[in-house]
Amino acid sequence: MKHLMLLVLSLMWALGTTSCEQGKTEKEKQPIEYTLQLTSEEGQELSEISFGAEGGKVTINVITNGEWQIIPEQAAAEWLWVSSMSGENDGQLTFSASANEVQEARSAYIDVQLNNEFAMSLLITQSAAAPVYNLDVTSISPDPANFGTEGGKLTVTVESNSAWE
């Protein structure tokens with residue numbers, strides 16, 4: 001009777017251990033779902049960041065449970081910098097844009113990879129500069145207050161970031 005009881009208990013223990021192990025193995029086989037979200041410091045989800053013509057800095061949150069990498073467009077290399085190009089799990093990124101001195105808006109896409117696969121694109125835009133006209137009167141002959149009927153000569157140098165006539 002003792003042997004029968006020992007045999008039954010051993011069998012129950014073996015079956016219990018096997019079923020627990022099977023459950024654990026099945027759970028371990030389930031893939032991890034990786035997520036990525038970019039938000040403003042206020043928590044709003046982002047797909048675009050905009051800068052004024054004067055440039056500046058914008059800090060955003062990276063919310064993820066994986067490894068991320070930033071891949072900027074080549075065109076952005078001259079005017080846009082990112083504080084970090086890669087990381088793991090949650091973090092922050094600061095985007096810095098130099099002043100835009102021309103009268104043309106500019107933009108670039110920043111691709112974000114999650115675990116070495118494309119996850120999303122972030123559009124970075126910057127406003128055009130306002131037109132600037134600098135006039136330099138270099139020489140006046142005779143004094144303009146005394147231009148008579150004979151006229152005079154006035155030389156003006158114009159510097160601008162915009163076309164003019």
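This is a predicted model: local features need pLDDT of at least 70, side-chain atom pairs count only at pLDDT 80 or more; totals for chains, interfaces and linings use all residues.
Modeller: Residues are numbered from 1 along each chain as its sequence is written, and side-chain values use heavy atoms, with hydrogens and water left out.

Biologist: Fine. How many helices and strands are in the chain?

Modeller: One helix and 11 strands. Helices (H or I, at least four residues) and strands (E, at least two) are DSSP runs, numbered from the N terminus. Along the sequence the pattern reads α-β-β-β-β-β-β-β-β-β-β-β.

Biologist: What makes S1 and S3 a pair?

Modeller: Two strands pair if DSSP finds at least two bridges between them. S1 and strand S3 (residues 56–64) are joined by five bridges, so they qualify, and they run antiparallel. Among the bridge partners, Gln37 goes with Ile63 in S3, and Ser40 goes with Ile60 in S3.

Biologist: And which sheet holds them?

Modeller: An open one of four strands, ordered S1-S3-S7-S5, with antiparallel pairing. Strand S1 (36–40) and strand S5 (80–82) are its edge strands, as each pairs on one side only. From one strand to the next, the twist averages 25°; axes here are lines fitted to C-alpha atoms, for helices over the stretch in contact, and angles run from 0 to 180 degrees between N-to-C directions.

Biologist: Why is S1 called largely enclosed?

Modeller: Because four of the five residues of S1 are buried. Buried means under 20% relative accessible area, exposed over 50%, and partly exposed in between (1.4 Å probe, protein chains only).

Biologist: What does the side chain of Thr64 reach?

Modeller: The backbone oxygen of Thr35, at 2.5 Å. A polar contact is a pair of N or O atoms within 3.5 Å; within protein, one must be able to donate a hydrogen and the other to accept it, and residues adjacent in sequence count only if both atoms are side-chain atoms. At 2.5 Å, the Thr64 pair is within that limit.

Biologist: Which residues is Thr64 in contact with?

Modeller: Leaving aside neighbours within four places in sequence, Thr64 is in contact with Thr35, Leu36, Asn89, Asp90 and Leu114. Contact means heavy atoms within 4.5 Å.

Biologist: Where is Gly66, and how do you know whether to call it buried or exposed?

Modeller: Gly66 is in the loop between S3 and S4. Its relative accessible area is 5%, which is under 20%, so Gly66 is buried. Beyond residues up to four places away in sequence, Gly66 touches Tyr34, Gly87, Glu88, Asn89, Leu114 and Asn115.

Biologist: What about the sheet with S4 in it?

Modeller: That's an open sheet of five strands, ordered S2-S9-S8-S4-S6, with mixed pairing. Strand S2 (48–51) and strand S6 (86–88) stand at the edges with a single partner strand each, so one side of each has no neighbour in the sheet. The twist there averages 20° from one strand to the next.

Biologist: How do you know S4 and S6 pair?

Modeller: Three bridges join strand S4 (residues 67–72) to S6, and at least two are needed, so S4 and S6 pair, running antiparallel. One of the bridges has Glu67 partnered with Glu88 in S6.
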